[in-house]
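Take a moment to look at the chain before reading on.

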Amino acid sequence: MESSVTLEESWKTVLAPEFSSSYMAELKAFLLEEKRNGRQIFPKGAEYFRALDLTPLETVRVVILGQDPYHGEGQAHGLSFSVKPGVRSPPSLVNIYKELQNDLGIAPARHGFLESWARQGVLLLNSVLTVERAMAASHQGKGWERFTDAIIRAINEQPHPVVFILWGSYAQKKAAFVDRSRHLVIRSAHPSPLSAHNGFFGSKPFSKANDFLVANGREPIDWALPANPEAQAQVSV
């Protein structure tokens, strides 16, 4: 997208047709024009593909699908539902932590930085990878959805079984084509305070994901986050 943006090799290979397509050229032109017009875009360009860089294709064990990046100052850094160290956890993430405690007895982290999940093979993917500051959903319909559809298709075609955690109707529709004969699809209400009591709480996605991974000969995810967010950089994939 920008000259400074790089991409992890396994994703670069499988997504090469997308980067050479006309819709991606149009998306790049849109983003450049927005910046020329002085609009602030989150996350920063070097973090557009942070989820892919931290979780190479062959290491993906779980996909947690979000919709848009957070649009508040300092929040978005390229991972769905995650915020940077030092930033207050948004309400949906607070509810995710509540369900994690209910499910696995893991006390809520004192931060919202989920990078250690990504480094273990949890692809924290938003459907749309950029947003204008303070303008929710401002970059929907510009091409990112097609790009992230290609990411989900690539995972769906992998030989190893993967868990897809789909919170809310948007995520469920987007990944409706996933092959459930090979992969586990966990569906529930979204963790937003508006819907969490309608089926998110009590859905136990974390234990269900690990049970499936173990049953299929794959390592489970350690869902407990390090107390120190900066220590997450030391977690190996």
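What follows goes from the whole chain to its middle, and then to a few single residues.

This is a predicted model: local features need pLDDT of at least 70, side-chain atom pairs count only at pLDDT 80 or more, and totals for chains, interfaces and linings use all residues. Residues are numbered from 1 along each chain as its sequence is written, and side-chain values use heavy atoms, with hydrogens and water left out.

Start with the whole. The protein chain has nine helices and six strands. Both kinds of element are DSSP runs, numbered from the N terminus: helices are H or I with at least four residues, and strands are E with at least two. The C-alpha trace spans about 50 × 40 × 35 Å along its principal axes. A compact globule of 237 residues would have a radius of gyration near 18 Å, and the protein chain agrees with that at 17 Å. This radius is taken over C-alpha atoms, and the globule rule is 2.2 Å times the number of residues to the power 0.38.

How much of the protein chain counts as buried? The share is 56% of the 237 residues. Buried means under 20% relative accessible area, exposed means over 50%, and partly exposed is in between (1.4 Å probe, protein chains only). The protein chain exposes about 10,600 Å², and carbon and sulfur atoms supply 50% of that area. Accessible areas come from the Shrake-Rupley method with a 1.4 Å probe; for residues, only the protein chains shown count as cover. Now take contacts, meaning heavy atoms within 4.5 Å. Among contacts with a separation of 6 or more, 70% join residues 24 or more positions apart.

Next, go to strand 2, residues 62-66. Five of its five residues are buried, so strand 2 is largely enclosed by the rest of the structure. V62, I64 and G66 point one way, while V63 and L65 point the other way. Strand 2 has neighbours, too. Two strands pair if DSSP finds at least two bridges between them. Five bridges join strand 2 to strand 3 (residues 122-126), and the two run parallel. There, G66 stands opposite N126. Strand 2 also runs parallel to strand 5 (residues 163-167), joined by four bridges. V63 has F164 of strand 5 as its bridge partner.

Now find helix 5, residues 91-104. Its 14 residues reach 20 Å from first C-alpha to last, close to the 20 Å expected at 1.5 Å a residue. The expected span is 1.5 Å times one less than the number of residues. Buried residues in helix 5 include L93, I96, Y97 and L100. Their cover includes helix 6 (115-119), strand 5 and helix 9 (205-215). Just after helix 5 comes G105, with a positive phi of about 75 degrees.

Which residues have the most contacts inside the largest nonpolar core? They are W11, W117 and W223, in a core of 66 residues. Helix 7 (residues 144-156) gives this core its largest share, seven residues. A nonpolar core is a set of buried Ala, Val, Leu, Ile, Met, Phe, Trp, Tyr and Cys residues joined through side-chain atoms within 4.5 Å. Look at W117. Leaving out residues up to four places away in sequence, W117 touches I64, I96, L100 and W223, among others. I64 belongs to strand 2, and I96 and L100 are buried in helix 5.

Helix 7 also holds N156. Is N156 buried or exposed? N156 is buried, with a relative accessible area of 12%. Its contacts beyond four places in sequence include F164, F177 and H183.

Last, visit some loops. S89 lies between strand 2 and helix 5. S89 is buried, at 17% relative accessible area. G112 is 23 residues away along the chain, yet the C-alpha atoms of S89 and G112 are separated by 4.9 Å. P43 sits in the loop between strand 1 (41-42) and helix 4 (50-54). The peptide bond from F42 to P43 is cis, with omega near -10 degrees.

Two further loop residues have a positive phi without being glycine. A134, between strand 4 (131-132) and helix 7, has phi near 60 degrees. A134 is exposed, at 56% relative accessible area. K204, between strand 6 (184-188) and helix 9, has phi of about 50 degrees. K204 counts as partly exposed, at 33%.
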